[in-house]
Amino acid sequence: MGVYFGSYCYVMIIVLVLGAEVRSQSLKNGYYSTSCPKAESIVRSTVESHFDSDPTISPGLLRLHFHDCFVQGCDGSVLIKGKSAEQAALASTGLRGFEVIDDAKARLESVCPGVVSCADILALAARDAVVLSSGPSWTVPTGRKDGRISLASEASNLPSPLDSVAVQKQKFQAKGLDTHDLVTLLGAHTIGQTDCQFFRYRLYNFTVTGNSDPTISPSFLTQLKTLCPPNGDGSKRVALDISSPSNFDVSFFKNLRDGNGILESDQRLWSDSETNDVVKKYASTIRGLLGFRFDNEFGKAMIKMSSIDIKSDVDGEVRKICSQVN
């Protein structure tokens, strides 16, 4: 029975992987196989080097790629510096990992000058960051060009921890991502941290009478109040997945099931019938195929997200320095 079930899992995984599609005609697997054969290995080794000294860089790179794709498309616009660029937006507070991308770019320019885009480096680095956190791997289609526009004003529509499920669905649908993609991609919160200031209102001031958010389990509420006292440091960092903060796994979904979600926008996924079904699927040992289902579907959702509004040679370029247009 055990052997049969194990074989069944692997067959299912193979079928699901073969069903993955590259969503954009301008991207392809192995885009740099001739022009810069070592491109992906150089990015991988760079990410590994930074990860070895600071494992928390993984969620930073994931978030950086997410922000990039949701504003102007996956074109590296989030990497551009400037007083009115995306980095200056309130929603960009706490973004990190820029030095990893700059490091990889410098190494690539020394080997293949003017070939590998910053947008592709970011997409590859996000994948490598997940792998280093004991998560799944997937083939990243490449061939993105770097955008020339970066505006802080356009970052206002990024998903917020205060968003209702309806608003979250709307924001994802605007980017061509469905509800299943929404829940799957938010599973990235299985690694990473947030500040007390972004969820402390749930502990002390959720209602006008000053009560706590009733969706938080009592035992978890006590734990969170200890971590984030009412007059404590609002910038104190708390893991989004306290049960396994550094492992990319399905415990995030189990936390939502048990009322142990940190961000209100995450916990709300349990109360909506459509998103609840996806959360249950990933949290279940049987339906979730021992975690293999989420691993596989996260890779597919990332491929889909990383194909949003790709720039071509006409409206894009390959930057020499990721923080500035050519």
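This is a predicted model: local features need pLDDT of at least 70, side-chain atom pairs count only at pLDDT 80 or more; totals for chains, interfaces and linings use all residues.
**Helix Packing, Pocket and Buried Residues**

Trainee: How are the axes of α3 and α4 arranged, parallel or perpendicular?
Mentor: The axes (lines fitted to C-alpha atoms over the stretch in contact, with angles from 0 to 180 degrees between N-to-C directions) belong here to α3, residues 57–70, and α4, residues 98–111. They come within 9 Å and cross at roughly 80°. Angles under 35 degrees count as roughly parallel, over 145 as roughly antiparallel, 65 to 115 as roughly perpendicular and the rest as oblique. Therefore α3 is, relative to α4, roughly perpendicular.

Trainee: How many charged residues does the contact of α3 with α4 have?
Mentor: Ala, Val, Leu, Ile, Met, Phe, Trp, Tyr, Cys and Pro count as nonpolar, Asp, Glu, Lys and Arg as charged, and the others, Gly among them, as polar. By class, this contact has six nonpolar residues and no polar ones, and its charged residues number one.

Trainee: How much space lies in the largest pocket?
Mentor: On a 1 Å grid over the protein atoms alone, a cavity is a set of points where a 1.4 Å probe fits but cannot get out, and a pocket is an open set with protein on both sides within 12 Å along at least five of seven lines; lining residues have an atom within 4 Å of a point. The space in the largest pocket is about 1300 Å³.

Trainee: Which element gives the most to the lining of the largest pocket?
Mentor: The lining has 47 residues, and R63, H67, H189, Q193 and L240 are the closest to the pocket's centre. Two or more residues come from each of several elements, including α7 (179–186), β1 (193–195) and α13 (292–305). By class, the lining divides into 25 nonpolar, 17 polar and five charged residues. With seven residues, the element that gives the most is α3.

Trainee: Why is α7 described as largely enclosed, and which elements do its buried residues pack against?
Mentor: Buried means under 20% relative accessible area, exposed over 50%, and partly exposed in between (1.4 Å probe, protein chains only). Seven of the eight residues of α7 are buried, so the helix is largely enclosed by the rest of the structure. Those residues are T179, D181, L182, V183, T184, L185 and L186. They pack against α6 (165–173), α10, α11, α12 (273–283) and α13.

Trainee: Which residues are in contact with C36, leaving aside its neighbours within four places in sequence?
Mentor: C36 sits in the loop between α1 (2–18) and α2 (39–53). Its relative accessibility is 1%, so C36 counts as buried. Apart from those sequence neighbours, its contacts are L108, C112, V115 and V116.

Trainee: How far apart in space are F220 and G259, C-alpha to C-alpha?
Mentor: F220 lies in helix α9, residues 218–227, and is buried, with a relative accessible area of 6%. Beyond its neighbours within four places in sequence, F220 is in contact with I242, G259, N260, G261 and I262. F220 and G259 are 39 residues apart in sequence, while their C-alpha distance in space is 7.8 Å.

Terms used:
Residues are numbered from 1 along each chain as its sequence is written. Side-chain values use heavy atoms; hydrogens and water are left out. Helices (H or I, at least four residues) and strands (E, at least two) are DSSP runs, numbered from the N terminus. Grid points are joined across faces, edges and corners, and a volume is the space filled by probe spheres set on the points. Contact means heavy atoms within 4.5 Å.
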